[in-house]
Amino acid sequence: MSTRPSIPLPLRAVAAGAAATVALLLAGSASATADTRAGAAAGSTTVTPAGDEYAAKLSGDATFTAGSVTVTCTVSETSGTIPAAPDNHEDAGPVESAVGAPTYDSCTSSLPGVEATVTTSGEWTVSLQHGDPSTAGLTMPRGGFVLKTSGLAECTVTAAPDAAATVTGDWANGSPSTLTFDAAEVPVTVEGGFGCPTSATGSEFGAVYEITDTTDTSADVAVNS
């Protein structure tokens, strides 16, 4: 299922590229300006099975790219609970509920010498809206995603630095259902020394998550009208 001592020129180029990579990692939390597609669709929404718990896990790799620089994450997941009836239905608008802060692990960079750690915190929410396509908006709290790097570029990147931010993807019903983020964006601020992209204000990413019902493994999580 988020967003610059004297150093030899070759190392400067590597550090700059690494810092650009750091900014791109943030969109996995999504995470830019909030996508308003879910809010624009005012039709009715019903999420089923009402009251069931679900898991969202990354399918394949999440890739973050800046020019020739690529970061690949192989593990990301979160979980939540579909609201019980009648709160799993809205006559006009999305069905909203709390969701666990997503985790991000096993990320590697195409550039050597850069390590990253991701910390998520606070109360996150998800809003599901039926439409063509149906959408899912993941909202992170202010400062709810922080990425720190060490090595050639020592930076601290904070997503949603000023206010809560929403990243929206396309939902497809299925077995399992999927949530696809395509060039989703999230606002960021960057702090750090040489090589950190301190002028960056956003980043983007692409990923596909599989959504499965963990209360009843024979059921599918679905978004309908």
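Modeller: Strands here are DSSP runs (E) of at least two residues, numbered from the N terminus. Keep in mind that this is a predicted model.

Colleague: Okay, where does A160 lie?
Modeller: A160 isn't a glycine, yet its phi is positive, at about 50°. Most residues other than glycine have a negative phi. As for its place, A160 sits in the loop between strand 12 (155-159) and strand 13.

Colleague: And does A160 count as buried or exposed?
Modeller: The cut-off for buried is under 20% relative accessible area. A160 comes in at 0% relative accessibility, so it counts as buried.

Colleague: What about cis peptides: which residue is joined to P133 by a cis bond?
Modeller: Most peptide bonds are trans. P133 is in the loop between strand 9 (124-129) and strand 10 (134-140). Omega is about 5° for the cis bond there, and the partner of P133 is D132.

Colleague: Then what is omega for the cis bond between S175 and P176?
Modeller: P176 belongs to the loop between strand 13 (165-172) and strand 14 (177-192). The cis bond joining S175 to P176 has an omega of about 5°.

Colleague: On to the rings. How are Y104 and F145 arranged as an aromatic pair?
Modeller: The structure holds two aromatic pairs. For Y104 and F145, the centres are 5.4 Å apart and the planes make 70°. Planes over 60 degrees apart get one particular label, so Y104 and F145 are edge-to-face.

Colleague: How many residues apart are Y104 and F145?
Modeller: Y104 and F145 are both buried. Y104 is in strand 7 (residues 103-109) and F145 in strand 11 (residues 145-151), and this pair links distant parts of the chain. The separation is 41 residues.

Colleague: And what is the angle between the planes of F181 and Y209?
Modeller: F181 is in strand 14 and Y209 in strand 15 (residues 202-213), so their pair ties together parts 28 residues apart in sequence. F181 is buried, as is Y209. The ring centres are 6.2 Å apart, and the pair counts as edge-to-face because the planes stand at 85°.

Colleague: Last one, on the surface: why does D91 count as exposed?
Modeller: D91 is part of a negative surface patch together with D87, E90 and E96. It is placed in the loop between strand 5 (89-90) and strand 6 (95-99). Exposed means over 50% relative accessible area, and D91 counts as exposed because its relative accessibility is 62%.

Technical notes:
Residues are numbered from 1 along each chain as its sequence is written. This is a predicted model: local features need pLDDT of at least 70, side-chain atom pairs count only at pLDDT 80 or more; totals for chains, interfaces and linings use all residues. Side-chain values use heavy atoms; hydrogens and water are left out. Patches are made of residues with over 30% relative accessible area and no salt bridge: like charges are joined within 9 Å, nonpolar side chains (Val, Leu, Ile, Met, Phe, Trp, Tyr) within 5 Å. Accessible areas come from the Shrake-Rupley method with a 1.4 Å probe; for residues, only the protein chains shown count as cover. A salt bridge is a side-chain nitrogen of Lys or Arg within 4 Å of a carboxyl oxygen of Asp or Glu. Lys and Arg count as positive and Asp and Glu as negative; His and the chain ends are not counted. The place of a charge is taken as NZ of Lys, CZ of Arg, CG of Asp or CD of Glu. Helices (H or I, at least four residues) and strands (E, at least two) are DSSP runs, numbered from the N terminus. Buried means under 20% relative accessible area, exposed over 50%, partly exposed in between (1.4 Å probe, protein chains only). Rings of Phe, Tyr and Trp (its six-membered ring) pair if their centres lie within 6.5 Å; planes under 30 degrees apart count as stacked, over 60 as edge-to-face and the rest as tilted.
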